[in-house]
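The structure is placed first, and the entries follow.

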Amino acid sequence: MSEMITVAAPAKINLSLRIVRKREDGFHELVTRMAPLELADELQFSKAEKASFTCSDSTVPADGSNLVLKAIRILERHCERELPLAIHLEKNIPHGAGLGGGSSDAAVTLRAVNELCDLRLSQETLLQLAAELGSDVPFFLWSCIADCEGRGEIVTPKPEIKLGWPILLIKLPFGVPTPWAYQQWRDSMKIPGIDYSPQIVNGTELVNDLERPVFQKHFILAELKQNLRKHKGVRAALMSGSGSTVFAVLDQKAEVGGLISSIHKWVGEEVWIQTTKLAV
Ligand code: C5P
């Protein structure tokens with residue numbers, strides 16, 4: 001058994017996200033189809049005398065609120081032993097972006113530490129611990145497209161669905177707090193002239209109910225989506241999760257350079273743009 005392990009933690013996008021209702025526990029009952037991306041963080045774990053955590057991004061908290069460290073605590077609690085590990089996180093996925101970066105880091109931590117420390121926890125146990133860490137975390141224990149229900153933690157993997165779409169991710173220099181987006185959903189309104197209706201690409205429905213509250217506060221995201229949809233080479237455009245990332249599904253032969261120049265004209269230079277692909 002190796003003493004060091006390096007693993008990729010993929011980002012996700014929500015191909016669809018429909019809210020069914022607000023629940024008594026404050027969460028929202030939803031139905032969402034999520035897909036992993038090739039864009040990924042990288043995590044390195046090695047056994048150590050003393051626990052340590054470093055991150056390439058100094059804005060990522062290194063305290064108890066960090067989902068990687070929360071995942072270690074939950075494993076320690078479950079196995080009733082200390083797990084002193086040196087952990088390094090190379091952050092490529094922006095946070096507050098609706099791309100699931102923190103959730104993916106947490107899921108990968110559960111799986112990698114289970115292997116490195118020979119904890120022998122079953123997938124069922126890992127799924128239970130993942131659900132305690134966050135609604136999106138169980139999805140990342142599967143490496144395929146999946147349909148998620150409940151608050152997101154009830155996962156039906158769909159390994160038979162292979163899309164491999166080229167994707168362009170666009171994130172403006174602000175994030176959207178997930179609790180805020182859900183809280184605003186019920187009382188939010190559609191903006192006249194903005195199209196929220198499902199878009200169909202190769203039989204797959206793309207729609208996101210959280211666009212309604214988030215677009216109401218950040219109109220620039222609604223404009224960005226509309227502009228993307230009109231652009232040559234773009235098959236569909238949608239916000240991912242609670243935002244603020246908007247993604248475009250591209251034609252295989254899309255001329256990305258021209259599209260990126262147009263995006264800069266619409267929203268300015270201060271924007272994170274990344275080409276990637278659905279990992280499956
Ligand atoms: O589960 P997670 O920690 O990712 O959720 C963050 C917050 O997002 C929750 O505290 C809740 O306010 C909101 N949320 C929700 N319904 C969901 C998932 C998240 O209202 N299905």
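Entry 1: I found a polar backbone atom of Arg 151 at 2.9 Å from a nitrogen atom of the ligand. I then noted that 73% of the 450 Å² which the ligand exposes when taken alone is buried by the protein. These accessible areas come from the Shrake-Rupley method with a 1.4 Å probe, and for residues only the protein chains shown count as cover. Next I found an N or O atom in the side chain of Ser 135 at 2.5 Å from an oxygen atom of the ligand. For His 28, I recorded a polar side-chain atom 2.8 Å from a ligand oxygen atom.

I must state that the model is predicted: local features need pLDDT of at least 70, side-chain atom pairs count only at pLDDT 80 or more, and totals for chains, interfaces and linings use all residues. Residues are numbered from 1 along each chain as its sequence is written, and side-chain values use heavy atoms, with hydrogens and water left out.

Entry 2: the shell. Which residues surround the ligand? I listed Gly 26, Phe 27, His 28, Leu 30, Gly 134, Ser 135, Arg 151, Thr 178, Pro 179 and Tyr 182; a residue is near the ligand if one of its heavy atoms lies within 4 Å of it. By class, I noted four nonpolar, five polar and one charged residues in this shell. Here Ala, Val, Leu, Ile, Met, Phe, Trp, Tyr, Cys and Pro count as nonpolar, Asp, Glu, Lys and Arg as charged, and the others, Gly among them, as polar.

Which element gives the most to the shell? I found that H4 does, with three residues. Strand S2 (28–47) and helix H4 (178–185) each supply at least two residues. Helices (H or I, at least four residues) and strands (E, at least two) are DSSP runs, numbered from the N terminus.

Entry 3: strands S1 and S2. I looked up pairing, for which DSSP must find at least two bridges between two strands. Strand S1 (residues 4–22) runs antiparallel to S2, and 16 bridges join them. I saw Arg 21 opposite Glu 29 in S2. The hairpin of S1 and S2 has five residues between the strands, and there Gly 26 takes a positive phi near 95 degrees. I also noted that S1 pairs with strand S9 (residues 204–208) in the parallel sense over two bridges, with Ser 16 opposite Val 207 in S9.

Entry 4: a loop. I found Glu 80 in the loop between helix H1 (67–79) and strand S4 (85–90). The phi of Glu 80 is near 50 degrees, a positive value in a residue other than glycine.

Notes. A polar contact is a pair of N or O atoms within 3.5 Å; within protein, one must be able to donate a hydrogen and the other to accept it, and residues adjacent in sequence count only if both atoms are side-chain atoms.
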